[in-house]
Amino acid sequence: MTSAIYLVKGRDKSLRRKHPWVFSRGIQRIEGEPTLGETVDVYANDGQWLAKAAYSPHSQIRARVWSFEKEDIDSAFFVKRIRQAQMLRDDFIERDGLTGYRLIAAESDGLPGITIDKYDNYLVCQLLSAGAEYQKDALVKALNTCFPDCHIYERSDVAVRKKEGLEERVGVLHGELPPKSVVIEENGIKINVDIVNGHKTGFYLDQRDSRFQSMKYVKDKDVLNCFSYTGGFGLYALKGGAKRVINADVSQPALDTAKFNAELNEFDISKKRAVFLNADVFKLLREYRDQGTKFDVVIMDPPKFAESKAQLTGACRGYKDINMLAMQILKPGGTLLTYSCSGLMEQALFQKIIADAALDAGRDVKFVERFEQAADHPTDTAYPEGFYLKGFACKVF
Ligand code: SAH
(Lines give C-alpha, C1' and ligand atoms only; values in the text may rest on other atoms or scores of the structure.)
Protein backbone atom coordinates (compact mmCIF):
# COMPACT_ATOMS: atom_id res chain seq x y z
CA MET A 1 0.00 0.00 0.00
CA THR A 2 1.18 3.50 -0.81
CA SER A 3 2.33 5.45 2.22
CA ALA A 4 0.56 8.70 2.99
CA ILE A 5 1.47 12.14 4.30
CA TYR A 6 -1.17 14.19 6.13
CA LEU A 7 -0.52 17.92 6.32
CA VAL A 8 -0.94 20.25 9.29
CA LYS A 9 -4.22 22.17 9.09
CA GLY A 10 -3.85 25.18 6.78
CA ARG A 11 -0.54 23.93 5.28
CA ASP A 12 -2.21 22.75 2.10
CA LYS A 13 -2.46 26.24 0.57
CA SER A 14 0.73 26.16 -1.50
CA LEU A 15 -0.03 22.68 -2.84
CA ARG A 16 -3.50 23.82 -3.87
CA ARG A 17 -1.72 26.57 -5.83
CA LYS A 18 0.32 23.75 -7.44
CA HIS A 19 3.62 24.62 -5.79
CA PRO A 20 5.46 21.27 -5.69
CA TRP A 21 7.15 21.29 -2.24
CA VAL A 22 6.00 19.87 1.11
CA PHE A 23 8.16 21.14 3.99
CA SER A 24 8.82 18.98 7.05
CA ARG A 25 7.14 21.50 9.37
CA GLY A 26 3.96 21.26 7.28
CA ILE A 27 3.54 17.53 7.96
CA GLN A 28 1.29 16.33 10.77
CA ARG A 29 1.68 12.59 10.39
CA ILE A 30 2.91 9.89 8.06
CA GLU A 31 1.08 6.62 7.48
CA GLY A 32 3.27 3.68 6.49
CA GLU A 33 7.05 3.65 6.35
CA PRO A 34 8.11 5.24 3.06
CA THR A 35 11.71 4.61 2.02
CA LEU A 36 14.13 7.13 0.48
CA GLY A 37 12.48 8.60 -2.62
CA GLU A 38 9.41 6.36 -2.58
CA THR A 39 6.16 7.71 -4.00
CA VAL A 40 3.62 8.78 -1.35
CA ASP A 41 0.10 10.20 -1.44
CA VAL A 42 -0.29 13.65 0.08
CA TYR A 43 -3.54 14.55 1.88
CA ALA A 44 -4.83 17.78 3.39
CA ASN A 45 -5.64 17.73 7.10
CA ASP A 46 -9.31 17.02 6.35
CA GLY A 47 -8.36 13.89 4.39
CA GLN A 48 -8.75 15.35 0.88
CA TRP A 49 -6.28 13.83 -1.60
CA LEU A 50 -3.86 16.44 -3.04
CA ALA A 51 -0.91 14.92 -4.87
CA LYS A 52 1.58 12.13 -5.55
CA ALA A 53 5.02 13.04 -4.26
CA ALA A 54 8.49 11.64 -3.67
CA TYR A 55 9.51 11.23 -0.04
CA SER A 56 12.81 12.82 1.07
CA PRO A 57 13.35 11.85 4.73
CA HIS A 58 16.64 13.79 5.11
CA SER A 59 15.63 17.07 3.52
CA GLN A 60 13.70 20.07 4.88
CA ILE A 61 11.74 19.74 1.65
CA ARG A 62 10.28 16.45 2.85
CA ALA A 63 8.31 15.64 -0.29
CA ARG A 64 8.36 16.88 -3.89
CA VAL A 65 5.23 16.54 -6.00
CA TRP A 66 5.36 14.42 -9.15
CA SER A 67 1.72 14.90 -10.04
CA PHE A 68 -1.45 16.61 -8.91
CA GLU A 69 -3.40 13.89 -10.71
CA LYS A 70 -4.09 10.35 -9.51
CA GLU A 71 -1.70 8.55 -11.85
CA ASP A 72 1.11 6.01 -11.54
CA ILE A 73 4.61 7.42 -11.39
CA ASP A 74 6.31 5.10 -13.84
CA SER A 75 8.13 5.26 -17.15
CA ALA A 76 4.89 6.13 -19.00
CA PHE A 77 4.52 9.14 -16.68
CA PHE A 78 8.08 10.25 -17.48
CA VAL A 79 7.47 9.77 -21.22
CA LYS A 80 4.49 12.12 -20.93
CA ARG A 81 6.48 14.79 -19.08
CA ILE A 82 9.49 14.50 -21.43
CA ARG A 83 7.30 14.79 -24.55
CA GLN A 84 5.62 17.88 -23.14
CA ALA A 85 9.00 19.44 -22.31
CA GLN A 86 10.29 18.68 -25.81
CA MET A 87 7.15 20.16 -27.39
CA LEU A 88 7.56 23.34 -25.36
CA ARG A 89 11.08 23.73 -26.78
CA ASP A 90 10.48 22.75 -30.42
CA ASP A 91 9.95 26.37 -31.53
CA PHE A 92 13.15 27.67 -29.91
CA ILE A 93 15.16 24.71 -31.17
CA GLU A 94 14.17 25.55 -34.71
CA ARG A 95 14.37 29.34 -34.30
CA ASP A 96 17.87 29.30 -32.80
CA GLY A 97 19.22 26.26 -34.65
CA LEU A 98 19.94 24.34 -31.46
CA THR A 99 21.64 20.98 -31.20
CA GLY A 100 22.25 21.56 -27.48
CA TYR A 101 19.51 22.59 -25.07
CA ARG A 102 18.03 21.95 -21.63
CA LEU A 103 15.39 19.29 -22.14
CA ILE A 104 14.18 19.08 -18.54
CA ALA A 105 14.46 21.99 -16.12
CA ALA A 106 13.42 20.16 -12.94
CA GLU A 107 10.42 21.67 -11.09
CA SER A 108 9.77 24.02 -14.03
CA ASP A 109 9.03 20.99 -16.23
CA GLY A 110 7.08 19.11 -13.58
CA LEU A 111 10.00 16.83 -12.68
CA PRO A 112 11.44 18.00 -9.34
CA GLY A 113 15.12 17.28 -8.83
CA ILE A 114 15.72 16.21 -12.45
CA THR A 115 17.81 18.23 -14.88
CA ILE A 116 18.51 16.86 -18.33
CA ASP A 117 20.62 18.59 -20.96
CA LYS A 118 20.78 17.33 -24.53
CA TYR A 119 24.06 17.79 -26.36
CA ASP A 120 23.68 16.40 -29.88
CA ASN A 121 22.80 12.75 -29.20
CA TYR A 122 24.03 12.69 -25.60
CA LEU A 123 21.54 13.18 -22.79
CA VAL A 124 23.16 14.31 -19.55
CA CYS A 125 21.16 13.83 -16.35
CA GLN A 126 21.58 15.49 -12.97
CA LEU A 127 19.48 13.76 -10.34
CA LEU A 128 19.32 16.00 -7.29
CA SER A 129 16.56 14.58 -5.11
CA ALA A 130 15.78 11.27 -3.42
CA GLY A 131 12.74 10.89 -5.67
CA ALA A 132 14.80 11.44 -8.82
CA GLU A 133 17.27 8.79 -7.67
CA TYR A 134 14.47 6.35 -6.81
CA GLN A 135 12.95 6.74 -10.28
CA LYS A 136 16.24 6.49 -12.17
CA ASP A 137 15.40 3.24 -14.01
CA ALA A 138 11.94 4.46 -15.03
CA LEU A 139 13.46 7.73 -16.22
CA VAL A 140 16.16 6.03 -18.29
CA LYS A 141 13.53 3.76 -19.83
CA ALA A 142 11.41 6.79 -20.72
CA LEU A 143 14.39 8.62 -22.25
CA ASN A 144 15.11 5.54 -24.35
CA THR A 145 11.53 5.54 -25.59
CA CYS A 146 11.59 9.25 -26.49
CA PHE A 147 15.17 9.35 -27.85
CA PRO A 148 16.08 5.83 -29.02
CA ASP A 149 19.30 7.05 -30.69
CA CYS A 150 20.68 8.87 -27.68
CA HIS A 151 23.32 7.87 -25.17
CA ILE A 152 22.57 8.72 -21.55
CA TYR A 153 25.18 9.89 -19.05
CA GLU A 154 24.79 10.86 -15.39
CA ARG A 155 26.53 13.93 -13.88
CA SER A 156 25.09 13.87 -10.38
CA ASP A 157 28.35 15.15 -8.89
CA VAL A 158 26.76 17.97 -6.93
CA ALA A 159 27.01 18.69 -3.21
CA VAL A 160 23.25 19.29 -2.72
CA ARG A 161 22.73 15.53 -3.02
CA LYS A 162 24.02 15.26 0.57
CA LYS A 163 20.95 17.09 1.86
CA GLU A 164 18.88 14.33 0.29
CA GLY A 165 20.99 11.54 1.81
CA LEU A 166 22.56 10.66 -1.54
CA GLU A 167 26.16 10.11 -2.63
CA GLU A 168 27.58 11.96 -5.63
CA ARG A 169 27.54 9.82 -8.75
CA VAL A 170 28.71 9.95 -12.38
CA GLY A 171 28.68 7.36 -15.15
CA VAL A 172 27.03 5.92 -18.23
CA LEU A 173 23.33 5.09 -17.81
CA HIS A 174 22.81 3.87 -21.37
CA GLY A 175 24.93 3.57 -24.51
CA GLU A 176 28.46 4.89 -24.74
CA LEU A 177 30.71 7.10 -22.66
CA PRO A 178 30.62 10.63 -24.15
CA PRO A 179 33.83 11.49 -26.01
CA LYS A 180 35.91 14.46 -24.83
CA SER A 181 34.53 16.49 -27.69
CA VAL A 182 30.82 16.73 -28.45
CA VAL A 183 30.10 19.71 -30.69
CA ILE A 184 26.77 21.52 -30.40
CA GLU A 185 25.46 24.50 -32.30
CA GLU A 186 23.45 27.55 -31.20
CA ASN A 187 22.66 30.63 -33.27
CA GLY A 188 25.09 29.42 -35.92
CA ILE A 189 27.97 29.12 -33.44
CA LYS A 190 29.70 25.81 -32.81
CA ILE A 191 30.65 24.95 -29.24
CA ASN A 192 32.70 22.05 -27.98
CA VAL A 193 31.25 20.45 -24.84
CA ASP A 194 33.23 18.20 -22.53
CA ILE A 195 30.37 16.31 -20.88
CA VAL A 196 32.49 14.19 -18.54
CA ASN A 197 34.89 16.86 -17.23
CA GLY A 198 33.18 20.19 -17.91
CA HIS A 199 31.36 22.34 -15.34
CA LYS A 200 27.82 21.23 -14.39
CA THR A 201 26.69 19.05 -17.33
CA GLY A 202 29.34 20.56 -19.62
CA PHE A 203 28.04 23.94 -20.74
CA TYR A 204 26.08 27.00 -19.52
CA LEU A 205 23.08 26.70 -21.81
CA ASP A 206 21.09 29.18 -19.72
CA GLN A 207 23.03 32.21 -21.02
CA ARG A 208 22.31 31.51 -24.70
CA ASP A 209 19.72 34.27 -25.19
CA SER A 210 21.89 36.82 -23.35
CA ARG A 211 24.91 35.80 -25.41
CA PHE A 212 22.87 36.39 -28.56
CA GLN A 213 21.63 39.77 -27.33
CA SER A 214 25.17 40.80 -26.39
CA MET A 215 26.19 40.78 -30.06
CA LYS A 216 24.57 44.11 -30.80
CA TYR A 217 26.88 45.90 -28.36
CA VAL A 218 30.24 44.68 -29.61
CA LYS A 219 30.86 45.70 -33.24
CA ASP A 220 34.35 47.22 -33.58
CA LYS A 221 34.67 47.29 -29.80
CA ASP A 222 37.38 46.33 -27.37
CA VAL A 223 35.70 43.68 -25.18
CA LEU A 224 36.67 42.17 -21.82
CA ASN A 225 34.82 38.89 -21.22
CA CYS A 226 35.14 38.10 -17.50
CA PHE A 227 34.52 34.51 -16.27
CA SER A 228 34.61 33.32 -19.86
CA TYR A 229 34.47 29.55 -19.27
CA THR A 230 34.73 27.90 -22.75
CA GLY A 231 34.29 31.16 -24.64
CA GLY A 232 30.52 31.68 -24.49
CA PHE A 233 30.09 35.44 -24.78
CA GLY A 234 33.54 35.77 -26.36
CA LEU A 235 32.53 33.63 -29.35
CA TYR A 236 29.43 35.75 -29.93
CA ALA A 237 31.60 38.88 -29.63
CA LEU A 238 33.89 37.57 -32.38
CA LYS A 239 30.88 36.74 -34.52
CA GLY A 240 29.42 40.18 -33.79
CA GLY A 241 32.54 41.88 -35.17
CA ALA A 242 34.39 42.88 -32.00
CA LYS A 243 37.77 44.52 -32.59
CA ARG A 244 39.39 42.53 -29.78
CA VAL A 245 38.19 40.14 -27.07
CA ILE A 246 40.00 39.26 -23.87
CA ASN A 247 38.56 36.11 -22.28
CA ALA A 248 39.52 35.76 -18.62
CA ASP A 249 38.98 32.69 -16.45
CA VAL A 250 40.84 30.70 -13.77
CA SER A 251 40.21 27.36 -15.47
CA GLN A 252 42.94 26.50 -17.97
CA PRO A 253 40.97 23.58 -19.51
CA ALA A 254 38.04 25.98 -20.08
CA LEU A 255 40.36 28.53 -21.72
CA ASP A 256 41.91 25.84 -23.92
CA THR A 257 38.42 24.87 -25.08
CA ALA A 258 37.58 28.56 -25.61
CA LYS A 259 40.52 28.88 -28.00
CA PHE A 260 39.59 25.60 -29.68
CA ASN A 261 36.02 26.92 -30.10
CA ALA A 262 37.23 30.14 -31.72
CA GLU A 263 39.22 28.04 -34.21
CA LEU A 264 36.32 25.63 -34.73
CA ASN A 265 34.18 28.56 -35.89
CA GLU A 266 37.01 29.81 -38.11
CA PHE A 267 36.92 33.24 -36.47
CA ASP A 268 39.94 35.36 -37.26
CA ILE A 269 41.90 35.39 -34.00
CA SER A 270 45.22 36.41 -35.50
CA LYS A 271 47.07 39.51 -34.24
CA LYS A 272 45.71 38.90 -30.75
CA ARG A 273 42.13 39.64 -31.79
CA ALA A 274 41.17 37.02 -29.20
CA VAL A 275 43.18 36.53 -26.02
CA PHE A 276 42.65 33.70 -23.53
CA LEU A 277 43.92 34.82 -20.17
CA ASN A 278 44.33 32.63 -17.11
CA ALA A 279 43.58 35.17 -14.38
CA ASP A 280 41.58 35.74 -11.22
CA VAL A 281 39.02 38.31 -12.36
CA PHE A 282 38.99 40.09 -8.99
CA LYS A 283 42.74 40.76 -9.26
CA LEU A 284 42.72 41.41 -13.01
CA LEU A 285 40.09 44.14 -12.76
CA ARG A 286 42.14 45.92 -10.06
CA GLU A 287 45.26 45.67 -12.19
CA TYR A 288 43.49 47.17 -15.20
CA ARG A 289 42.09 49.94 -13.02
CA ASP A 290 45.45 50.74 -11.47
CA GLN A 291 47.18 50.70 -14.87
CA GLY A 292 44.44 52.83 -16.46
CA THR A 293 43.58 50.17 -19.08
CA LYS A 294 40.10 50.87 -20.51
CA PHE A 295 37.53 48.87 -22.49
CA ASP A 296 34.44 49.65 -24.59
CA VAL A 297 32.49 46.63 -23.30
CA VAL A 298 32.86 44.57 -20.13
CA ILE A 299 30.94 41.30 -19.78
CA MET A 300 30.50 40.11 -16.20
CA ASP A 301 29.06 36.61 -15.84
CA PRO A 302 30.40 35.25 -12.54
CA PRO A 303 29.61 31.88 -10.96
CA LYS A 304 26.83 31.67 -8.37
CA PHE A 305 27.96 33.68 -5.32
CA ALA A 306 25.01 32.77 -3.04
CA GLU A 307 24.17 29.10 -2.48
CA SER A 308 22.11 29.82 0.65
CA LYS A 309 20.38 32.73 2.39
CA ALA A 310 23.27 32.89 4.86
CA GLN A 311 25.63 33.67 1.98
CA LEU A 312 23.49 36.43 0.45
CA THR A 313 25.12 39.38 2.26
CA GLY A 314 28.59 38.24 1.24
CA ALA A 315 27.34 37.65 -2.29
CA CYS A 316 25.99 41.22 -2.49
CA ARG A 317 29.44 42.54 -1.55
CA GLY A 318 31.06 40.37 -4.23
CA TYR A 319 28.66 41.51 -6.96
CA LYS A 320 29.07 45.15 -5.95
CA ASP A 321 32.85 44.88 -5.95
CA ILE A 322 33.26 43.37 -9.43
CA ASN A 323 30.64 45.62 -10.99
CA MET A 324 32.21 48.73 -9.47
CA LEU A 325 35.59 47.69 -10.86
CA ALA A 326 34.03 46.95 -14.27
CA MET A 327 32.51 50.45 -14.37
CA GLN A 328 35.86 51.98 -13.45
CA ILE A 329 37.62 50.38 -16.41
CA LEU A 330 34.95 51.32 -18.98
CA LYS A 331 35.47 54.23 -21.36
CA PRO A 332 32.79 56.96 -21.11
CA GLY A 333 29.72 55.68 -22.97
CA GLY A 334 30.95 52.09 -22.61
CA THR A 335 28.67 49.10 -22.04
CA LEU A 336 28.53 46.85 -19.01
CA LEU A 337 26.74 43.53 -19.58
CA THR A 338 26.28 42.09 -16.12
CA TYR A 339 24.52 38.98 -14.83
CA SER A 340 23.62 37.16 -11.63
CA CYS A 341 22.68 33.48 -11.61
CA SER A 342 22.04 33.42 -7.84
CA GLY A 343 18.33 32.62 -7.54
CA LEU A 344 18.26 34.12 -4.04
CA MET A 345 19.30 37.48 -5.47
CA GLU A 346 16.07 38.95 -6.79
CA GLN A 347 16.13 41.23 -9.81
CA ALA A 348 15.27 44.32 -7.76
CA LEU A 349 18.13 43.60 -5.33
CA PHE A 350 20.56 43.05 -8.20
CA GLN A 351 19.48 46.38 -9.71
CA LYS A 352 20.14 48.07 -6.36
CA ILE A 353 23.61 46.52 -6.16
CA ILE A 354 24.44 47.89 -9.60
CA ALA A 355 23.18 51.28 -8.41
CA ASP A 356 25.45 51.09 -5.34
CA ALA A 357 28.36 50.05 -7.55
CA ALA A 358 27.75 53.09 -9.77
CA LEU A 359 27.87 55.40 -6.73
CA ASP A 360 31.11 53.85 -5.48
CA ALA A 361 32.65 53.94 -8.95
CA GLY A 362 31.67 57.59 -9.27
CA ARG A 363 30.07 56.93 -12.66
CA ASP A 364 26.74 57.92 -14.17
CA VAL A 365 25.03 54.64 -15.18
CA LYS A 366 21.82 53.95 -17.12
CA PHE A 367 20.05 50.60 -17.43
CA VAL A 368 19.23 50.15 -21.11
CA GLU A 369 18.18 46.50 -21.40
CA ARG A 370 17.23 43.56 -19.16
CA PHE A 371 18.00 39.89 -19.69
CA GLU A 372 16.78 36.55 -18.43
CA GLN A 373 17.64 32.87 -18.67
CA ALA A 374 17.20 31.30 -22.10
CA ALA A 375 13.80 30.03 -23.24
CA ASP A 376 14.67 26.37 -22.62
CA HIS A 377 14.86 27.28 -18.90
CA PRO A 378 11.18 28.20 -18.46
CA THR A 379 9.45 29.29 -15.25
CA ASP A 380 6.26 27.52 -14.22
CA THR A 381 3.62 29.95 -12.96
CA ALA A 382 3.29 27.86 -9.79
CA TYR A 383 7.03 27.82 -9.16
CA PRO A 384 8.50 31.35 -9.34
CA GLU A 385 11.79 30.03 -7.87
CA GLY A 386 12.48 28.70 -11.38
CA PHE A 387 13.41 32.24 -12.45
CA TYR A 388 17.00 32.67 -11.29
CA LEU A 389 19.15 34.28 -13.97
CA LYS A 390 18.94 37.99 -14.60
CA GLY A 391 21.11 40.56 -16.24
CA PHE A 392 21.37 44.16 -17.35
CA ALA A 393 22.94 46.09 -20.16
CA CYS A 394 24.17 49.38 -18.71
CA LYS A 395 25.63 52.43 -20.38
CA VAL A 396 28.38 53.88 -18.23
CA PHE A 397 29.36 57.57 -18.43
N1 SAH B 1 30.04 33.09 -19.21
C2 SAH B 1 30.21 31.68 -19.33
C3 SAH B 1 29.84 30.94 -18.05
C4 SAH B 1 30.61 31.40 -16.82
S5 SAH B 1 30.62 30.24 -15.54
C6 SAH B 1 29.42 31.15 -20.53
O7 SAH B 1 28.66 31.94 -21.17
O8 SAH B 1 29.52 29.97 -20.84
C9 SAH B 1 31.71 30.90 -14.38
C10 SAH B 1 33.18 30.77 -14.72
O11 SAH B 1 33.89 31.54 -13.74
C12 SAH B 1 33.78 29.38 -14.65
O13 SAH B 1 34.38 29.08 -15.88
C14 SAH B 1 34.87 29.47 -13.55
O15 SAH B 1 36.06 28.74 -13.89
C16 SAH B 1 35.16 30.94 -13.52
N17 SAH B 1 35.69 31.52 -12.28
C18 SAH B 1 35.27 31.30 -11.01
N19 SAH B 1 35.94 32.12 -10.14
C20 SAH B 1 36.78 32.88 -10.90
C21 SAH B 1 37.71 33.91 -10.60
N22 SAH B 1 37.89 34.36 -9.35
N23 SAH B 1 38.38 34.49 -11.63
C24 SAH B 1 38.20 34.07 -12.90
N25 SAH B 1 37.32 33.09 -13.24
C26 SAH B 1 36.63 32.50 -12.26
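Tyr 339 is buried, at 0% relative accessibility. This value, like those that follow, comes from a predicted model. Tyr 339 belongs to strand E18, which spans residues 330-340. Its aromatic partner is Phe 371. That residue sits in strand E19, residues 365-372. The two partners are 32 residues apart, and their pair links distant parts of the chain. Phe 371 is also buried, with a relative accessible area of 1%.

A pair of aromatic rings is described by the distance of the centres and the angle of the planes. For Tyr 339 and Phe 371, the centres lie 5.8 Å apart. In total, the model holds 16 aromatic pairs. One aromatic cluster is formed by Phe 227, Phe 282, Phe 305, Tyr 319, Phe 350, Phe 367 and Phe 392.

A backbone N or O atom of Phe 227 lies 3.2 Å from a ligand nitrogen atom. Asp 280 places a polar side-chain atom 3.1 Å from a nitrogen atom of the ligand. For Val 281, a polar backbone atom is 2.9 Å from a ligand nitrogen. The ligand exposes 590 Å² when taken alone, and the protein buries 90% of that. Two elements give two or more residues to the shell around the ligand. They are helix H6 (232-239) and helix H8 (281-291).

The shell as a whole comprises 17 residues. Arg 211, Asp 249, Asp 280, Val 281 and Asp 301 are the closest. By class, nine residues of the shell are nonpolar. Four are polar and four are charged.

Helix H6 is itself largely enclosed by the rest of the structure, because seven of its eight residues are buried. The buried residues of H6 are Gly 232, Phe 233, Gly 234, Leu 235, Tyr 236, Ala 237 and Leu 238. Gly 241 follows the helix. The phi angle of Gly 241 is positive, near 90°.

The domain assignment divides the protein chain into three parts. Domain 1 covers 4-67, domain 2 covers 75-182 and domain 3 covers 206-396. The C-alpha centres of domain 1 and domain 3 are 40 Å apart.

A further buried site involves a charged residue, Glu 154. Glu 154 is in strand E10, residues 151-156. Its relative accessibility is 2%, so Glu 154 counts as buried. With Lys 136, the contact is 2.7 Å. With Ser 156, the contact is 2.6 Å.

Ile 191 is placed in strand E13, residues 189-193. Ile 191 is buried too, with a relative accessible area of 1%. Between Ile 191 and Lys 271 there are 80 residues of sequence separation. In space, their C-alpha atoms are 23 Å apart.

Notes. Residues are numbered from 1 along each chain as its sequence is written. This is a predicted model: local features need pLDDT of at least 70, side-chain atom pairs count only at pLDDT 80 or more; totals for chains, interfaces and linings use all residues. Side-chain values use heavy atoms; hydrogens and water are left out. A residue is near a molecule or strand if one of its heavy atoms lies within 4 Å of it. A polar contact is a pair of N or O atoms within 3.5 Å; within protein, one must be able to donate a hydrogen and the other to accept it, and residues adjacent in sequence count only if both atoms are side-chain atoms. Accessible areas come from the Shrake-Rupley method with a 1.4 Å probe; for residues, only the protein chains shown count as cover. Helices (H or I, at least four residues) and strands (E, at least two) are DSSP runs, numbered from the N terminus. Domain bounds come from an automatic or database domain assignment. Rings of Phe, Tyr and Trp (its six-membered ring) pair if their centres lie within 6.5 Å; planes under 30 degrees apart count as stacked, over 60 as edge-to-face and the rest as tilted. Buried means under 20% relative accessible area, exposed over 50%, partly exposed in between (1.4 Å probe, protein chains only).
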